[in-house]
Amino acid sequence: MKISYNWLKQFLKIDAPSEEVSNILTDLGLEVEMVEKYQSVKGGLEGVVVGHVLTCEKHPDADRLKITTVDLGTGTPVQIVCGASNVAAGQKVPVATIGTKLFDKEGEAFEIKKGKIRGQESHGMICAEDELGLGTSHDGIMILDEKLVPGTPAAKVFNIENDEVFEIGLTPNRADAMSHMGVARDLRAGLLQRNASLELITPSVSSFKIDKRTLKIDVNVADSKLVPHYCGVTISGITIKESPSWLQNRLKAIGLTPKNNVIDVTNYVLHELGQPLHAFDASQITGKINVKTVATGTKFITLDGIERTLHEEDIMICDENEPLCIAGVFGGKNSGVSESTTAIFLESAYFNPVAIRKTAKRHGLSTDASFRFERGIDPEITEYALKRAALLILEVAGGEITSDVVDIYPKKLEGFSVFLNYEKTFKLIGQELPKETIKKIVSTLDIKVNSSSDAGLGLQIPAYRVDVQREVDVIEEILRVYGYNNIHIPDKLTATISNSPRTEDYKVQNIIANQLNSLGFHEMMANSLTTPDYIKLSEQLKEEHNVTILNPLSNDLSTMRQSMLFSGLEAISYNINRKSSDLKLFEFGKSYRNLVNGYSEKKHLTLFTTGNRTEETWTNAQKPSDFFLFKGYVSTILSRLGIDSIQNTPVSSDVFAEGIGFALGKDILVEMGTVKKSITKHFDIKQEVFYADFQWDIILKVLSNKIKFTPIAKYPEVRRDFALLVDTNVAFESIYKIAIQTEKSLLKNINLFDVYEGKNLPEGKKSYAVSFTIQDATKTLTDSQIDKIMSKLQSNFESEIGAQLR
């Protein structure tokens with residue numbers, strides 16, 4: 001945001017150097033990133049003075065050149081060779097003296113030097129309008145008022161504007177400072193804290209009066225919640241032309257291009273007071289103004305000539321026939337001010353910030369007006385700003401006020417009531433401030449003190465301070481005006497040592513993050529907001545479980561994610577499309593669900609691998625990542641956490657083509673596997689993706705439990721393997737359940753260690769290699785006992801799922 005120092009001086013009579021003002025504004029939270037010089041004419045006409053042509057004679061060696069002697073006010077006339085046809089003795093002219101820098105049409109500087117032209121010395125240049133940057137004419141030299149005194153700087157003659165412009169990095173919460181008046185208000189508070197008492201001078205509108213009532217335009221507001229405050233007035237008999245130089249200079253200084261006098265006034269008041277306005281050509285309005293919404297699909301052509309499709313939530317300014325303007329965002333092509341406009345309807349309003357923000361995002365429009373409306377402006381200056389703009393239009397465009405002011409404000413927007421507790425204030429700031437100082441600071445910020453006691457202050461916050469609604473917000477305001485640098489650093493540092501358990505979340509998270517980094521993984525962070533369409537990729541995700549955003553930026557960011565899988569696949573797809581296909585990624589994040597008994601928020605650790613496990617080198621051929629390498633990564637993490645007594649379990653999620661779970665008792669700690677091709681295809685991923693989902697909250701709970709010791713088994717465990725030929729639609733879960741039901745007491749672990757599909761197998765078949773760990777805690781198992789268990793398992797596999805031993 002750009003703020004003109006000369007403009008600020010209209011609100012505060014201040015003469016401090018710009019560097020000092022920059023420091024004060026930065027201390028107040030309005031960080032000045034840069035200060036630029038602005039001159040209405042580039043170079044400021046430095047070195048250009050008024051000259052008096054004493055003599056003018058024809059050049060002896062050139063028909064089109066003349067030799068002049070010019071008085072520059074120094075007492076000694078100089079000789080200047082001039083090629084202009086209209087130069088003559090007795091004229092007062094602008095002269096660029098030796099050493100002066102002028103600028104060409106491209107903005108490149110050239111210096112006036114002493115030289116010879118066709119053998120005759122020339123000590124300067126008599127200038128034309130375009131050579132000085134004062135216009136475009138090059139018909140001849142400029143002829144000045146003959147009353148001017150030779151030697152007078154041209155900058156004084158032409159009222160060259162010299163200004164300094166502050167580039168302020170405005171934070172989104174400071175909607176109140178999006179104008180020169182808002183910045184001046186803050187600057188005044190900062191100066192008062194530095195014992196510089198200045199009055200805030202606001203533009204007067206006391207001269208506003210109704211000249212005639214010949215052009216009345218009625219206004220109807222359909223929904224006062226969308227449009228709490230609306231004002232309008234008509235002005236007739238205006239002349240659309242170029243704005244005066246003072247108005248153009250103000251706008252140019254802050255980077256705006258002047259259009260015409262009426263549009264320039266609306267832009268001027270916008271940046272002066274922070275109130276957006278809009279001027280309609282009154283001749284284009286049929287009947288009365290209707291402020292309402294229109295049907296979805298309605299077509300509307302905006303000022304930029306683009307036809308836009310309106311939404312049913314867009315607030316529109318309409319007449320009795322058609323829409324005229326997208327309220328608070330962009331005007332219409334057919335109702336705007338043009339060169340032929342002679343009467344206008346001037347609008348000033350306060351629109352619902354949420355509605356404006358939605359409309360601006362929906363249509364991809366960001367204007368100075370929408371930028372302010374969507375952050376919240378002052379609803380109390382709506383009529384004041386209208387009158388201010390109307391008076392300025394009368395000043396620069398002529399005309400008369402031809403209607404009463406329409407002021408629709410059915411319910412006043414109140415500010416916020418806050419009680420400021422002194423004790424809490426001192427505790428939060430870390431230093432006790434004088435109570436009178438606190439009262440003075442809040443008063444300078446337009447915060448009204450309703451009551452005062454030894455305990456604190458009862459305050460009424462103005463409605464335009466949308467970022468100050470709580471006690472801590474008021475304390476922050478006090479502190480920024482008082483000055484963070486004025487808070488003393490104590491000589492004694494008091495600290496407490498908290499009893500932080502080793503299983504605290506961030507500690508465990510850092511351990512595992514370091515572990516994964518050492519394994520070649522890269523940490524990613526995905527947005528928790530996602531599209532609701534992803535629930536269609538898994539039958540276990542339900543639409544009724546979606547946590548939806550009330551004011552989403554777009555449909556793609558309208559829902560909190562139920563699963564972290566899809567944001568990870570987005571990242572993989574993004575990288576693959578940019579020729580980075582060998583990936584190892586991990587993310588700590590949360591999933592969200594809307595359940596019957598309230599919202600559910602769970603933390604996860606997710607791992608992703610895809611592509612080749614190592615980079616290709618001349619000594620090492622590329623080898624793709626596989627299921628068992630990925631399983632090793634998962635097991636390594638559990639081992640690093642000290643979780644060893646885990647059982648393999650079938651996965652419950654339907655996102656895996658092949659998967660396996662790790663459980664501790666009844667708690668499933670992690671599920672991992674190969675993501676279904678139907679899901680990866682949705683993200684245009686053609687290579688295999690392995691995914692693991694750690695239930696981080698359960699893992700932390702397991703780690704926080706007291707360690708229980710059990711004696712090491714005295715008797716050995718026995719492992720037996722089966723290579724089972726099964727139908728392709730048979731999942732490992734079926735094998736797992738059959739095995740558990742067959743032998744509950746002695747079967748300690750079931751592990752799937754290989755899956756094969758391909759040649760040498762019958763069509764529609766696949767091979768599962770499964771290991772079974774058997775152990776008796778009371779004795780050593782005999783071969784006959786083991787064979788009996790394995791025989792029973794084989795029999796049940798054959799009868800229930802049609803499995804065959806290979």
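Predicted model: local features only at pLDDT ≥ 70, side-chain atom pairs only at ≥ 80, totals over all residues.
Local features are given only at pLDDT of at least 70 and side-chain atom pairs only at pLDDT 80 or more, while totals for chains, interfaces and linings use all residues. Residues are numbered from 1 along each chain as its sequence is written, and side-chain values use heavy atoms, with hydrogens and water left out.

**View 1. Cysteines without disulfides.** The whole structure holds zero disulfides (cysteine sulfur pairs within 2.5 Å). For Cys127, the closest cysteine sulfur is that of Cys82 at 9.2 Å, too far for a bond. Cys318 has its closest cysteine sulfur in Cys325, 9.4 Å away, also too far. Cys127 is buried at 0% relative accessible area, and Cys318 is buried at 2% (buried, under 20%; exposed, over 50%; partly exposed, in between; 1.4 Å probe, protein chains only).

**View 2. The largest nonpolar core.** This core has 77 residues (buried Ala, Val, Leu, Ile, Met, Phe, Trp, Tyr and Cys joined through side-chain atoms within 4.5 Å). Helix H10 (residues 382–397) gives the most to it, nine residues (a DSSP run of H or I, at least four residues, numbered from the N terminus). Among the residues with the most contacts inside the core are Leu187, Ile393 and Val474.

**View 3. Surroundings of Val474.** Beyond its neighbours within four places in sequence, Val474 is in contact with Val418, Leu420, Val442, Leu459, Ile461 and Val468 (contact, heavy atoms within 4.5 Å).

**View 4. The second core.** A separate nonpolar core of 56 residues includes Ile637, Ile643, Val702 and Ile786.

Technical notes
Helix = DSSP H or I, 4+ residues; strand = E, 2+ residues; numbered from the N terminus.
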